[in-house]
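Please take me through this model in the viewer, telling me at each stop what to select and what I will find there.

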Amino acid sequence: EPEVTQTPSHQVTQMGQEVILRCVPISNHLYFYWYRQILGQKVEFLVSFYNNEISEKSEIFDDQFSVERPDGSNFTLKIRSTKLEDSAMYFCAGSLGGNTGELFFGEGSRLTVL
Amino acid sequence: GEDVEQSLFLSVREGDSSVINCTYTDSSSTYLYWYKQEPGAGLQLLTYIFSNMDMKQDQRLTVLLNKKDKHLSLRIADTQTGDSAIYFCAERAGNTPLVFGKGTRLSVIA
């Protein structure tokens, strides 16, 4: 069964460093998302991406964040200068779209900022 | 903004029924979802219900929706140890992004 894969599974970084989280969505999906979950908190929407551009983003997704789909398969989330409060589990998801909007999630990348 | 609330923990004995509850604030929600997260895995869609329905049954899973009270529940019949996981309630209005709760950790005691 096709699945969404994310790398790395865990990354530890120093505050101020750049981090790139990678995702390979299911090949026929059209809509792509990043969500994050700070430990003990809710799963929060960051950004959605469709047709090679951002379709929606939350207040969390500030200028420090960017997304890219450089080669038609990978979908990346870059955090330019990490802060302590960026420590979280980051989930990539994709969907075909449509009314039911079922999202298929990856296993997540845990980011720890020291 | 929209909010989804769930209790954080539930513990049940194997063979009993589990009921996980969720409340939401967005009256324009069109779809409501239950996702399951097993240790080390991503969020897996279990079931969803459209807002004009009040019940949906799928094998051991029963979803009840009280739209007036904005209350959603997931009942798992004959709960097994393999059902131990975190269960997330989520809602969506139209094509807006999913709004999740914090998740309910279900522990099944053998």
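Begin by selecting Cys23(A) and Cys92(A), whose link is left-handed, with -65° about the S-S bond; in this predicted model the two are joined by a disulfide, with 1.9 Å from S to S.

Now move to chain B and select Cys22(B) and Cys89(B), which form a disulfide with their sulfur atoms 2.0 Å apart, and whose link is left-handed, with -65° about the S-S bond. This pair links distant parts of chain B, since Cys22(B) sits in strand β3 (residues 18-24) and Cys89(B) in strand β9 (residues 85-92), 67 residues apart. Cys22(B) and Cys89(B) are both buried, and the count over all chains comes to two disulfides.

Finally, show both chains and turn to their interface, where 18 residues of chain A are in contact with 20 residues of chain B and the buried area is about 1,600 Å², with carbon and sulfur atoms giving 55% of it. Select Lys42(A) and Glu5(B), whose side chains meet in a salt bridge at 3.3 Å, N to O; across the interface there are two salt bridges. On the side of chain A that touches chain B, the elements giving two or more residues are β4 (31-37) and β5 (43-50), and the residues of that side divide into six nonpolar, eight polar and four charged.

Key: Residues numbered from 1 in each chain as written. Chains lettered and ligands numbered in written order. Predicted model: local features only at pLDDT ≥ 70, side-chain atom pairs only at ≥ 80, totals over all residues. Heavy atoms only, no water. Contact = heavy atoms within 4.5 Å. Buried area = accessible area lost by both parts, 1.4 Å probe. Salt bridge = Lys/Arg side-chain N within 4 Å of Asp/Glu carboxyl O. Helix = DSSP H or I, 4+ residues; strand = E, 2+ residues; numbered from the N terminus. Nonpolar A, V, L, I, M, F, W, Y, C, P; charged D, E, K, R; others polar. Disulfide = S-S within 2.5 Å. Buried < 20%, exposed > 50% of the residue type's maximum accessible area, 1.4 Å probe, protein only.
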